[in-house]
Amino acid sequence: LASRNGEASNMQINVPPYFTVHSVPIVEETGSLVSVYTNGWDLKDRRYFPKGSKSVPFLGAWGGRYPDFENVVPPSLFFRTTVNTETRELVSHEEVIPGMV
C-alpha cells in the first residue's frame, strides 16, 4: 500500500496467490482498515494454471481477432482486500461475490 498524502509509511502485504488484471481506483477506509478492489485470476485454479507449469497457458489465447474465452482464458474474479494499517497485516482477501465472473 502506498500512502496517498505522505503522512503514513508505505507497506507491503502478502496476499494469497492471484494474478491482478486490473486495480479499481476505489479505496474504502474505516478507522485503521483499508480496503482495495481488484479483479484477477485465481492462480490456484488448476484448470488454467497447472501445478509445476513454467508458463501461464492463457497468454496464447490473445492472438487473432479476439481471445478464446472458452476454456483458455481464466475467469476474472472480483476481489476485496482489506488491510489493518496499524498492525500492517492482511485482514482478508476474498471474492466480493463468490462465483461471479
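Among contacts between residues at least 6 apart in sequence, what share joins residues at least 24 apart? I looked this up before anything else. The share is 50% in this protein. For a contact I took heavy atoms within 4.5 Å.

**Ground rules.** I am working on a predicted model, where local features need pLDDT of at least 70, side-chain atom pairs count only at pLDDT 80 or more, and totals for chains, interfaces and linings use all residues. I number residues from 1 along each chain as its sequence is written, and side-chain values use heavy atoms, with hydrogens and water left out.

**Entry 1: the elements.** I looked up the secondary structure. I found zero helices and four strands. Along the sequence the pattern reads β-β-β-β. Helices (H or I, at least four residues) and strands (E, at least two) are DSSP runs, numbered from the N terminus. I also checked burial. Of the 101 residues, 27% count as buried. Buried means under 20% relative accessible area, exposed means over 50%, and partly exposed lies in between, with a 1.4 Å probe and protein chains only.

Entry 2: In what order do the four strands stand? They form an open sheet in the order 1-2-3-4, with antiparallel pairing. Strand 1 and strand 4 (89-95) are at the edges with a single partner strand each, so one side of each has no neighbour in the sheet. On average, neighbouring strands are turned by 20° against each other, direction ignored. For that angle, axes are lines fitted to C-alpha atoms, for helices over the stretch in contact, and angles run from 0 to 180 degrees between N-to-C directions.

**Entry 3: the pairs.** I counted two strands as paired if DSSP finds at least two bridges between them. I went through the pairs in sheet order.

- Strand 1 and strand 2 run antiparallel, joined by 10 bridges. T20 has G40 in strand 2 as its bridge partner. V24 stands opposite Y37 in strand 2.
- Strand 2 and strand 3 run antiparallel, with eight bridges. L33 has N84 in strand 3 as its bridge partner.
- Strand 3 and strand 4 are antiparallel too, over six bridges. F79 has E95 in strand 4 as its bridge partner.

**Entry 4: the turns.** I looked at two hairpins. The hairpin of strand 1 and strand 2 has two residues between the strands, and G31 takes a positive phi near 60° there. The hairpin of strand 3 and strand 4 has four residues between them. In that turn, R88 has a positive phi of about 60°, although R88 is not a glycine. Most residues other than glycine have a negative phi. R88 is partly exposed, with a relative accessible area of 39%.

**Entry 5: P16.** I found P16 in the segment before strand 1. P16 counts as partly exposed, at 32% relative accessibility. Which residues does P16 contact, leaving aside neighbours within four places in sequence? They are L90 and H93. I also checked P16 against K44, 28 residues apart along the chain. Their C-alpha atoms are separated by 9.2 Å.

**Entry 6: the pockets.** On a 1 Å grid over the protein atoms alone, a pocket is an open set of points with protein on both sides within 12 Å along at least five of seven lines, and lining residues have an atom within 4 Å of a point. Grid points are joined across faces, edges and corners, and a volume is the space filled by probe spheres set on the points.

The largest pocket holds about 370 Å³ of space. Its lining has 16 residues, and A2, S3, E29, V34 and T85 lie nearest its centre. Strand 1 (18-30) and strand 2 (33-42) are the elements that give two or more residues to this lining. By class, the lining has seven nonpolar, six polar and three charged residues. Ala, Val, Leu, Ile, Met, Phe, Trp, Tyr, Cys and Pro count as nonpolar, Asp, Glu, Lys and Arg as charged, and the others, Gly among them, as polar.

The second largest pocket holds about 160 Å³. Its lining includes L1, M11, Y18, V36 and H93. Strand 2 and strand 3 (77-84) each give two or more residues to this lining. How many of its residues are charged? The lining has seven nonpolar, four polar and no charged residues.

Key. 1 Å grid on protein atoms, 1.4 Å probe; cavity = no way out; pocket = protein on both sides within 12 Å on 5 of 7 lines; lining within 4 Å.
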